[in-house]
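Could you walk me through this model in my viewer, one selection at a time? I would like to know what to pick next and what is there.

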2 protein chains.
Amino acid sequence: MRSEFQFINDMKSRYDLRRVGDDCAVLPKDDKTDLLITSDMLVEEVDFRLDWSNPEQIGHKCLAVSLSDIAAMGGTARFAMLSIAVVENLWKGDLLDRFYEGWNLLAAEFGVELIGGDISSTSGPLTVDSTVIGEVPRGQALLRAGARPGDAIFVTGSLGGAAGGLQLLLRGQHGSSENAQKLLERQLTPRPELLAANQLRTHGLATAAIDLSDGLSSDLMHICEASGVGAEIDARSLPIEPALKEFFSAEECIELALNGGEDLRLLFTGDAERISAFGLAGVTQIGTVTSRSGRIELLDRGELRPISAAGYRHF
Amino acid sequence: MRSEFQFINDMKSRYDLRRVGDDCAVLPKDDKTDLLITSDMLVEEVDFRLDWSNPEQIGHKCLAVSLSDIAAMGGTARFAMLSIAVVENLWKGDLLDRFYEGWNLLAAEFGVELIGGDISSTSGPLTVDSTVIGEVPRGQALLRAGARPGDAIFVTGSLGGAAGGLQLLLRGQHGSSENAQKLLERQLTPRPELLAANQLRTHGLATAAIDLSDGLSSDLMHICEASGVGAEIDARSLPIEPALKEFFSAEECIELALNGGEDLRLLFTGDAERISAFGLAGVTQIGTVTSRSGRIELLDRGELRPISAAGYRHF
C-alpha cells in the first residue's frame with residue numbers, strides 16, 4: 001500500500017505542484033516579506049483521545065503542530081483558521097468552548113489571531129483542521145533542501161518525550177511521578193520551537209530545517225531526500241529525554257528518540273563551528289550530513305548500520 | 001441548542017475576533033492588494049454521499065464551495081490547501097486520485113494552484129477541509145455589511161436547483177429526464193460565480209454581497225444583520241430554477257428557492273438603476289432593502305408576511 005508521502009509525491013509530479021512538499025508553502029507577500037501557510041488535520045483516536053486529554057489540551061495541541069511547521073521554516077506566526085467537525089452530543093456540551101480556551105492561550109502567547117474557519121456536524125470522530133499563516137523575510141524561509149555533505153546535524157531540546165508519553169498512556173498505568181508528568185506534558189501539550197527557529201533564521205545558521213513531527217528518522221529522511229544527501233547519527237549523542245529513563249530501557253529510549261513522533265523539536269543542519277560559537281541554548285549536535293544520498297546510518301556501539309525511516313505513517 | 005452561528009458570534013465577542021464573520025477573512029497583502037482566505041469543512045453523509053457522487057464530483061464540489069466564498073467577496077482565487085481524513089479501505093482504492101482529478105479540473109479553469117494540505121487516517125466519514133486564498137484590490141472586498149435601505153436586492157442565476165437535486169436524490173427515483181439531470185448537476189457540481197462577482201466589484205455595483213450556501217433566507221439574514229437593515233422579497237420575482245417545475249408544486253418551488261442551500265449563487269444589494277443600466281447577464285432583482293432591521297418579509301399573493309431564516313444548519 002502506498003504511503004501518504006508516496007501519494008503526495010505522485011500528485012506533485014502529476015499536477016506539477018511546485019509549492020507542495022515543505023513544512024509550509026511559501027507565497028510572495030510584498031517586497032520584504034513572504035507568507036508561510038500550513039494545514040494539519042487532527043483526528044480523534046489518531047492524534048488525540050478524549051479520555052487522555054482535556055479539551056483545552058486538544059486545543060493547545062491542534063495549534064502547536066501548525067506553529068511548529070511555521071517554526072520549521074523560521075517564520076513568525078500571525079493568523080490562523082480552524083475547521084472543526086463534531087458530533088452533536090459533544091457540540092451540546094462545553095467541549096468546543098474549552099477547546100478554544102486552550103487554543104487561545106497558546107495563540108495569545110505567540111500573537112496569533114483567529115481569522116476564520118468552519119464548523120460542521122459529523123457522525124464520526126472529532127476532526128480538526130488547523131491552518132496557520134506566518135511571515136518570514138523574503139527569500140529567507142528555512143527549507144528542507146539545502147543540507148550539504150559535511151554539515152553538522154542538530155536538534156533542539158530532548159528527544160522521545162512525546163512518544164514516551166504516548167506509551168505511558170497506552171499502558172494506562174503511568175502513575176503520577178514527576179517524570180510521568182513530564183512525558184505526558186510532552187505528548188499532550190508540546191511546545192513549538194518558534195523562538196529557537198527565529199534565532200536560526202535571523203543569524204543565517206541553518207542550511208536546512210524541519211520540525212520533528214513524524215519522528216527523527218522519518219523527518220531526517222525528508223531533509224536527506226530534499227537535499228540529495230545522507231546522514232550519519234551518533235547514538236551516544238542523542239539528547240534522550242531524561243524522564244524516559246524511569247520507564248524505558250536504554251534500547252527503548254534510543255528507539256523512542258529515533259522513531260517516536262510529535263516532539264515538535266527542530267531538526268536542522270549547518271556549520272558545526274558557527275553554531276557552537278553562537279551558543280544557542282539547548283541545541284545538540286547528533287550527527288553529520290554525508291554524501292550517501294537517501295541513506296541514514298546510525299553509529300551505535302562502534303558499528304555503523306543503516307536505519308530506515310520508521311516514524312509515524314497514516315497509511 | 002445554540003446554532004453554529006450563535007457559537008461563532010460568542011467566540012467573536014469573547015476573543016475579540018474582528019476578522020471573523022464574512023465569507024472570507026481579509027488580510028493586508030501589499031499597497032495594492034488584500035488577501036482573502038476561506039475554509040470549508042465537507043463531511044461525508046452531511047455534504048456529500050459516496051453513493052450519490054463519483055469522486056471527481058466530490059472533488060469539484062469541495063473546491064466550488066470555497067471558490068464561491070472568494071466570489072462573494074469579489075475576489076480572484078489564487079491558491080488552495082486541501083486536508084483530507086480518509087478510512088483505510090478508501091485510501092487503498094483510487095478514490096483520492098479521482099477526487100483530485102475532479103478538483104483539479106475546476107482549479108485549472110479558475111487558475112487555482114494547490115500549495116499544500118494534509119492527509120490523515122480516520123475511523124469515520126471522509127472529511128475534507130478546503131482552504132482557498134484569493135486576492136482583491138486593496139479595500140475593495142465586497143462585504144456583508146454595506147446594504148442600505150432603498151437598495152435593490154439581486155441574485156445571479158436561478159434558485160432552488162441544488163436543493164431540488166438533493167430532494168430527488170433523497171427520493172431515489174429521479175429518472176433521467178433533462179430536468180432531473182439539470183437539478184442533479186446543480187447539487188453535485190455547482191459552479192461558483194467568480195466572473196459575475198468580479199464584474200460587480202470592478203464596477204463598484206454592489207453595496208453588500210454573500211454567496212448562497214445556507215439558503216436565501218439565511219444568507220439574506222446574514223446581510224441584514226451585518227448591515228443593520230431588513231429586506232422585503234417579492235415571491236413573484238424569485239428566479240425559480242425552471243427544471244424544478246417537473247418535480248415540485250409551485251409552493252414547494254418557492255420553499256426550495258427561499259430555504260434550499262448550496263446554490264452557490266451571489267446575493268447582493270445595490271442601486272437598482274445602475275445595476276439594470278449596466279446589464280449584467282442573468283441577474284434578477286428579487287426585492288428591496290428596508291430599514292426594518294433584522295426582519296425579512298415576503299410579498300406573496302398580495303400579502304406581506306415575515307419569514308424566518310430557515311436554511312441549513314448543522315446544529
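Helix α2 covers residues 55-72 of chain B and helix α4 covers residues 95-109 of chain B; they pack at an angle of about 45°, with axes 6 Å apart. Axes here are lines fitted to C-alpha atoms, for helices over the stretch in contact, and angles run from 0 to 180 degrees between N-to-C directions. That angle makes α2(B) oblique to α4(B) (under 35 degrees counts as roughly parallel, over 145 as roughly antiparallel, 65 to 115 as roughly perpendicular, and the rest as oblique). Helices (H or I, at least four residues) and strands (E, at least two) are DSSP runs, numbered from the N terminus.

Now show side chains in the contact: among them are Ile58(B) and Leu63(B) of α2(B), and Phe99(B) and Trp103(B) of α4(B). Residues are in contact if their C-beta atoms, placed from the backbone, lie within 7 Å.

A word on what you have loaded: this is a predicted model, in which local features need pLDDT of at least 70 and side-chain atom pairs count only at pLDDT 80 or more, while totals for chains, interfaces and linings use all residues. Residues are numbered from 1 along each chain as its sequence is written, and chains are lettered from A and ligands numbered from 1 in the order in which they are written.

Next, bring both chains into view. Here 48 residues of chain B are in contact with 48 residues of chain A. Color β4(B), which gives the most to the side of chain B that touches chain A, with nine residues. A rotation of 180° with 0.0 Å of shift along its axis superposes chain B on chain A (RMSD 0.0 Å), by least squares on the C-alpha atoms of residues with pLDDT of at least 70 in both. The two copies are thus related as by a two-fold rotation axis. To find that axis, center on Gly124(B), which of the residues of chain B comes closest to it, at 2.3 Å (C-alpha). Because 100% of the interface residues of chain B are also interface residues in chain A, the copies meet through the same surface.

Finally, select strand β11 (residues 296-300) of chain B. With strand β8 (residues 230-234) of chain B it pairs in the parallel sense over four bridges (pairing takes at least two DSSP bridges); look for Glu232(B) beside its bridge partner Glu297(B). Strand β12 (residues 303-307) of chain B runs antiparallel to β11(B), joined by five bridges, with Ile296(B) partnered by Ile307(B). End at the hairpin of β11(B) and β12(B), with two residues between the strands, where Arg301(B) takes a positive phi near 45°.

How values were computed. Two residues are in contact if their C-beta atoms, placed from the backbone, lie within 7 Å.
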